[in-house]
Amino acid sequence: DTAAINAARIAADKTPWATVFLPKGTYVVNNFLETGRDQVRWLGDGKDLTSIKVANGSNQKFLFLNDSIPASQITFQNLTLDGNAKNATSMLTTSYMRKISDLQYLNVKIDGEGTTPFDWQSNSRVSMNNSEVIGKSSFLGNATKIFIDGTQFYGTGDIGGILMGRGVEMISITNSIAQNLDSSDPSGSKWIHGGFFVEQSPWGISHNQYLGNNQTIDLGIAPNSPKQADGQQILWENARKGSVEHSVFLGAVTSTTTNTVSVNTPSNIVNDTYYLSIVEGKGVGQSRQVKSLNQSTYTIYDDWNVQPDSSSVIVANQKVSNAVVYGNSLDGLSDYNTRITGTGVMAYFGATNLIIENNSFNEMIQGVGLFSGADIFNADNNPINFTQVNNNTFTNMLEGVTIKTSGLNGTSALGNVVSNNKFNNVQSVFSIVPKNSSASNSSLSANMNVFEENSLGSGKVSVRQGEGKIQNTIFLNNTSSNGNLSPGIIDGNFSFGS
């Protein structure tokens, strides 16, 4: 049906707001389809009634393709897009939609098993509602203004995560469900590799992100998968990949104004996808997005609250900021205590203003991991600052909340608050673990972190102060079923509030 569908699309291109209507039935194509340039709707009689399907034996790589020419106001509604990769083995991506603004999927099924279900790199204003997605990791790239609601995701391919970003600004994922296509298959081919939403090595700015009231079911790593590691369900990871450096030491401040800062070792790779973070001296903890660089002077988007001075030390890093994980139910695997089955929420190498609240975490190695510091290539500090972990429930896991620092310069974890959480059958409820990549550096510290009003169950608290400083840490009004509020303290003198 390729020629007939193309003829209808060409006609729709000539009439703004036209609809390409496909009545009940299965429409088979043996070449990729274009969406139309602007204001075109693809409409079926229902996602269980109308299907556009790649032909058996076709050598095409895409079902729908838009890549080279910008398009706008494209809608898919009430139909199924079937990549049929089992019988068309050249298929890569079922819905490859780039350079589109105002793209909608309304009551759509993307059957992309064996493919990337969709690719939204470089798009702006994309919405997906009441839909169903099957397949490997779908690619968000550095898209902006993404709204996903009421959608069921079934992961396959034993790779990455269901939704993969590279610096997504303004995304909302709500009321959706993520699980494996078939968890009874031990090989992993019908599993995703433990991830729901994963951001890695940003091309854009990871900013203003909301994940609310979603549910994951039995997400973890397949028992026979050769890759028995990772598996974080919600992950921001900004360690260096290849030749791209995600943390750059800029050194001491030489001069400032309300919205600029000059440093003694500027770097021209630091662009507007980076933040300037003060890790020592006046204004420590502040983080501002870079706007521009002129010689040794950086201009920032928002004014300093406390203007730095010559005592201040600056690191530029790429990280998540202003993100909320609220009201989600995150579920791992029942054998969490015998093998690696991942983490509920992890900020890996940097986060600012992260809120993790009112969620439930069940059956996983670790509930929340806040990891700062240098990456494996010995880049510099990636601070974890001002994270709120409040009113969550952690059940059946080895570790509840872990703050781990390994930076080379300055304060790595500052102003984080863990409060009013409930821990049930959790071995280590809270840990601060400083580990310095260069143990001789005595400036490393976790500073002004708070652990209060938590219900520990029978779990332990662990604070290790061997390779770096931990300062001004507050433990207050926590309760424990064994009556001991300070078990597991190692290498340090700390007191607990009653």
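Lys404 has Val433 as its bridge partner in strand 38. That contact belongs to a parallel pairing of strand 35 (residues 393–405) with strand 38 (residues 422–434), which runs over 10 bridges. A quick note on terms: strands are DSSP runs of E with at least two residues, numbered from the N terminus, and two of them pair if DSSP finds at least two bridges between them. This is a predicted model, so to speak a calculation throughout: local features need pLDDT of at least 70, side-chain atom pairs count only at pLDDT 80 or more, and totals for chains, interfaces and linings use all residues. Residues are numbered from 1 along each chain as its sequence is written, and side-chain values use heavy atoms, with hydrogens and water left out.

**Largest pocket**

- The largest pocket holds about 300 Å³ of space. On a 1 Å grid over the protein atoms alone, a pocket is an open set of points with protein on both sides within 12 Å along at least five of seven lines, while a cavity is a set where a 1.4 Å probe fits but cannot get out; lining residues have an atom within 4 Å of a point. Grid points are joined across faces, edges and corners, and a volume is the space filled by probe spheres set on the points.
- Its lining has 18 residues, and Tyr275, Ser287, Arg288, Asp302 and Asn353 are the closest to the centre.
- Strand 25 (287–294), strand 28 (320–326) and strand 31 (351–357) each put at least two residues into this lining, with strand 25 giving the most, 3 residues.
- By class, the lining of the largest pocket splits into 5 nonpolar, 10 polar and 3 charged residues. Here Ala, Val, Leu, Ile, Met, Phe, Trp, Tyr, Cys and Pro count as nonpolar, Asp, Glu, Lys and Arg as charged, and the others, Gly among them, as polar.

**Second largest pocket**

- The second largest pocket comes out at about 240 Å³.
- Of the 17 residues lining the second largest pocket, Gln200, Asp230, Gln232, Leu235 and Glu237 lie nearest its centre.
- At least two lining residues come from each of strand 15 (161–165), strand 18 (195–200), strand 21 (234–237) and strand 30 (343–348). Strand 18 has the largest share, at 3 residues.
- The class count for the second largest pocket is 6 nonpolar, 7 polar and 4 charged.

**Strand 15 and its partners**

- Buried means under 20% relative accessible area, exposed over 50%, and partly exposed in between (1.4 Å probe, protein chains only).
- Strand 12 (residues 138–141) pairs with strand 15 in the parallel sense over 3 bridges, and Gly141 stands opposite Gly165 there.
- Strand 15 also pairs with strand 18, again parallel, over 4 bridges; in that pairing Gly161 stands opposite Gly195.

**The one cavity**

- Searching the whole structure turns up 1 cavity of 30 Å³ or more, and the largest cavity has a volume of about 30 Å³.
- The lining of the largest cavity consists of Pro117, Val133, Ile134, Gly135, Lys136, Ser138, Phe153, Tyr154 and Ile162. Strand 11 (132–135) and strand 14 (152–155) are the elements that give two or more residues to it, and strand 11 has the largest share with 3 residues.
- These lining residues divide into 6 nonpolar, 2 polar and 1 charged.

- A barrel closes from 6 strands in the order 22-23-26-25-24-27, with antiparallel pairing. From one strand to the next the twist averages 50°, with axes as lines fitted to C-alpha atoms and angles running from 0 to 180 degrees between N-to-C directions.
- Strand 22 (residues 247–257) and strand 23 (residues 260–263) are antiparallel partners over 4 bridges; Thr256 stands opposite Val261 in strand 23.
- Strand 38 pairs with strand 41 (residues 460–463) as well, in the parallel sense over 4 bridges, where Ile432 has Val463 as its bridge partner.

**A loop residue: Leu92**

- Leu92 lies in the loop between strand 6 (71–82) and strand 7 (93–97), and at 46% relative accessibility Leu92 counts as partly exposed.
- The C-alpha atoms of Leu92 and Thr115 are separated by 5.0 Å, with the two residues 23 apart along the chain.
- Setting aside neighbours within four places in sequence, Leu92 is in contact with Lys61, Thr115 and Thr116, contact meaning heavy atoms within 4.5 Å.
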